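Hello,

Here is the structure I promised to pass on. Please look it over before reading my notes.

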Amino acid sequence: MATTTIKAHKIRLHPTPEQEDYLRRAAGTRRFVYNWGLAEWNTHYQEYQEGKREKKPTAHTLKKQFQAIRAREFPWTFAVTKCVIEGAFEDLGDAFSRFFKGQNTYPTFKKKNRSRESFYVANDKFSVGDHWIVVPVLGQFLLDKQQADGMLPQKIRNKTKYKRGLGKINMAESLRFVSADYAKTSGKWRNERKHVLCSSVKILGATIGLSGGHWYVSIHVEIPTVSVVNPHPLVGVDVGIKEAAIVSDGRRFKNHKPLSRQIKKLKRLSRSLSRKHYDPQTKQGSKNREKARVKLARLHGEIANMRRNSHHKLTTEMAQTCSVVGLEDLHIKGMFKNRKLARAMADAGLGQLLQFFATKMQAVGGQAIVVDRFFPSTKRCSGCGHVKKRMPLKYRTYCCLKCGVVIDRDLNAARNLEREACRMLGEAIRVPVVDSGSGPT
């Protein structure tokens, strides 16, 4: 049986102002339904503890309760696709499932200005093409709005095609992991999706959300796993702040420091936002405050995208030239407690970099071996193995007093990580000797 893997392609959307109104309405509906379900969950669980209910609350029972009163109490929720309602209850059930497993804290209510605006769309409710996506109910929403404003004649020719055109949003790029299969094309618009998708790929769903002042769609695709034999050598990689990564073979990758390069502009926009009018009682601000908030959010998004882009390029090059990478298990949360290095640590994004190493090495048939954080990679000499008692951060060169080797401290750490990863890999693949039970003769 062929194995499969799930991947996601995040693509930026370019909606019109009218289309953006629908996206915001859908995201707001999802937030409202999630908060309604959380409030009902708390009430039902309290009644269960008091003995007034026989069973504990579940996301499925809460969804049935909401659907029963939806038409009477919340008729405005029918303006968006039903996937928004179903996705909100799935997120609520997943949040409580993670809480009961000890993976996160107790779910809290989502606030409009502090939670990410997003909603889920099922795989059979949207269509994807070359640089476009059709969002469900969006065409009907815009058609009703145009008819209410008197912008359309009473009778529309080919109403279905016109409505589908209204619901089509432009994407910045086409969907990856798919190829055209023109043998299955058909003249009907229902099968227009098959113009792009091939039979070997299955779309599982999509999430549309607002991030950094821009709308994005993350399309989840199930693709067959291809076994790859990686013939490249084993290396050790020391990640850091001064340089993003130092490889044991001598390669060095620059830390672009996007936050440090944009810190002046970031401070200026932050001051501009703080000076705009805001009423703490009504929690409402002026229109200029909203404009300033969007500018600041977009700058934060640009900084995150620059950091993510450099990390993707770094890890892709390493995955294409190495079979096994030895990395150090860094205690990143503890490193953030150092107030002198906290901003530089955040700018380097070491947690994201290590995560990219783990996923990309596995995709090319390689392996990312994580060395124990207490392994003295910096204090140990890569020549003779002597371990120093202290190695302060200000000393950038490692000088061994035992064998006399002089080497850059980061390169020395990378070579030690390479040897330790090689030792751990050898122990992992070593076949244990099984006692036959015959005993001594």
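Below is what turned up, starting with how to read it.

This is a predicted model, where local features need pLDDT of at least 70, side-chain atom pairs count only at pLDDT 80 or more, and totals for chains, interfaces and linings use all residues. Residues are numbered from 1 along each chain as its sequence is written, and side-chain values use heavy atoms, leaving out hydrogens and water.

Aromatic rings first. The whole structure holds 14 aromatic pairs (rings of Phe, Tyr and Trp, the last by its six-membered ring, with centres within 6.5 Å; planes under 30 degrees apart are stacked, over 60 edge-to-face, the rest tilted). W36 and F89 make an edge-to-face pair, at 6.4 Å centre to centre and 85 degrees between the planes. W36 is in helix α1 and F89 in helix α3 (residues 82-100), so this pair ties together parts 53 residues apart in sequence. Helices (H or I, at least four residues) and strands (E, at least two) are DSSP runs, numbered from the N terminus. W36 is buried at 13% relative accessibility. F89 is buried too, at 3%. Buried means under 20% relative accessible area, exposed over 50%, partly exposed in between, using a 1.4 Å probe and protein chains only.

Next, charges over rings (NZ of Lys or CZ of Arg within 6 Å of the ring centre and within 35 degrees of the ring normal). The charged end of K110 sits over the ring of Y34, 4.6 Å from its centre. K168 lies over the face of W132, 4.4 Å from the ring centre.

Last, helix α4 (residues 138-148). Its buried residues include F141, L142 and L143. Just after α4, G150 has a positive phi of about 75 degrees.

Best wishes
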